[in-house]
Amino acid sequence: MKKTIISALVSFVSLMSMGQTQVTEFNPGIVAEGVNYILPKTGVKAEVTAMKVTYTPGEFAKYADRYLHMSGVVQESTTNWAVLSLDVYQEGVPDTTKMFTVKLKDKTIAPMAQLSKSGLLLAINTNQEIPERTVNVPAATNHKLDSKKYLTEEILSAISLAKMAELTAQEILDIRESKNAIRRGQADNMPKDGASLKIVLDELDAQEEALTQLFAGYSDTTYMAKTFEYTPSADVEKDVMFRFSSRLGFCDADDLAGAPYYISVKDMHTVIIPDEKEAAKRKIVGLVYNMPSLARVTVSTMSSTLYSKELPFAQFGTMDVLAPALFNKGATTKLTLHPATGGILHLEQ
């Protein structure tokens, strides 16, 4: 039934005008008879930001418990991924079954048609600002410290790794003892003022942290953002949009190493679709636009729902026509269409 409606509407549209029609950001562009434009079908995009944490064990990791009583220190490198955020939005995709022409004829005004770079009609006799989406990915963190510069000559000359670890642990304990003595005011050479005290303690803290990293290791964090597209043509129940692994990060949709992230789309039938008899009566005598229907979009994993909302979709609705009189000579009609659905956002006379 929908194919019949589309076939009935896919033809040239007569929007009467006089003079030269102005077009901005057009594609495919202006033809001799008028301005070509396309209506969209509605795509769904999921913008996913993930975090990768890489742990590097310390050189003396296996001696952490023996010399510093640090239990549970991991002795092998590990990588862990986690999804931080998921943002769902819509975008118009050119529907080649809905291509029309704004024709030029006498005795009416010359409209200005604003088209997107892909030829989607955005506005008539006005401009619509379409903000560009930007992905704000957090900066990576690097926690590796230069521990070697705090190693004493005695540590560096040790003949075994175990001995180096023992001497380094003793150095850490001496640093802690020095900090405690300064805080209690019992150090042999106490700083003379508060500013000097802070400088000394900050330096001792830096030495302790760097040397302890030789036992405890360190973790670096990086972030990645990816966008996944999905354009439904009918209801869909739990189709795999992408996969994600806590070990590997983003995976292809057919890579079973990653857990699936599903998308479901259910048409809510909020627009009455004309039957074939009614569609056959319709005549194309004005500007064609979409009348989208709402559909429930759900993004989920095997255990939880991450997103669920009703959104308008062009392909689940129908099309209609604006009366040519709206653009007669002397009229000041301004029209703005939704870039993702081709439905009317604003109509001003």
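The structure is a predicted model. Its chain averages a pLDDT of 84, and 84% of the residues score at least 70. An open sheet of 5 strands, a pairing of strand S13 with strands S6 and S14, and a contact between helices H4 and H5 are described below.

**Confidence**

- Among the elements of the chain, the lowest mean pLDDT, 34, belongs to strand S1 (residues 22–24), and the highest, 97, to strand S10 (residues 259–267).
- Residues 1–27 have pLDDT below 50, and in the model this stretch makes 97 contacts beyond near neighbours in sequence.
- Where pLDDT is low, the predicted coordinates should not be read in detail.

**The open sheet**

- The 5 strands of this sheet are arranged in the order S9-S8-S10-S11-S12, with antiparallel pairing.
- Strand S9 (249–251) and strand S12 (305–322) are the edge strands, each of them pairing on one side only.
- On average, and with direction ignored, neighbouring strands of this sheet are turned by 30° against each other.
- Strand S8 (residues 236–245) runs antiparallel to S9 and is joined to S9 by 3 bridges.
- Arginine 243 has cysteine 251 in S9 as its bridge partner.

- Strand S6 (residues 121–124) pairs with strand S13 (residues 334–337) in the antiparallel sense, over 2 bridges.
- On the S6 side of S13, alanine 123 has threonine 336 as its bridge partner.
- S13 is also joined by 4 bridges to strand S14 (residues 344–348), and these two strands run antiparallel.
- Threonine 336, the partner of alanine 123, also stands opposite histidine 346 in S14.
- Leucine 337 has isoleucine 344 in S14 as its bridge partner.
- The hairpin of S13 and S14 has 6 residues between the strands, and glycine 342 in this hairpin takes a positive phi near 75°.

**Helices H4 and H5**

- The axes of helix H4 (residues 161–184) and helix H5 (residues 194–216) come within 10 Å and cross at roughly 155°.
- Because angles over 145 degrees count as roughly antiparallel, H4 is roughly antiparallel to H5.
- The crossing of H4 and H5 is left-handed.
- H4 contributes residues including Ala165, Ala169, Ile172, Ile175, Arg176, Lys179 and Ile182 to the contact.
- H5 contributes residues including Leu197, Val200, Leu201, Leu204, Glu208, Leu211 and Phe215.
- The residues of the contact of H4 with H5 comprise 12 nonpolar, 4 polar and 6 charged.

Definitions and conventions
Residues are numbered from 1 along each chain as its sequence is written. This is a predicted model: local features need pLDDT of at least 70, side-chain atom pairs count only at pLDDT 80 or more; totals for chains, interfaces and linings use all residues. Side-chain values use heavy atoms; hydrogens and water are left out. Two strands pair if DSSP finds at least two bridges between them. Axes are lines fitted to C-alpha atoms, for helices over the stretch in contact, and angles run from 0 to 180 degrees between N-to-C directions. Angles under 35 degrees count as roughly parallel, over 145 as roughly antiparallel, 65 to 115 as roughly perpendicular and the rest as oblique. A crossing is left-handed if the near helix is turned anticlockwise from the far one by less than a right angle, and right-handed if clockwise. Contact means heavy atoms within 4.5 Å. Ala, Val, Leu, Ile, Met, Phe, Trp, Tyr, Cys and Pro count as nonpolar, Asp, Glu, Lys and Arg as charged, and the others, Gly among them, as polar. pLDDT is the predictor's confidence in each residue, from 0 to 100.
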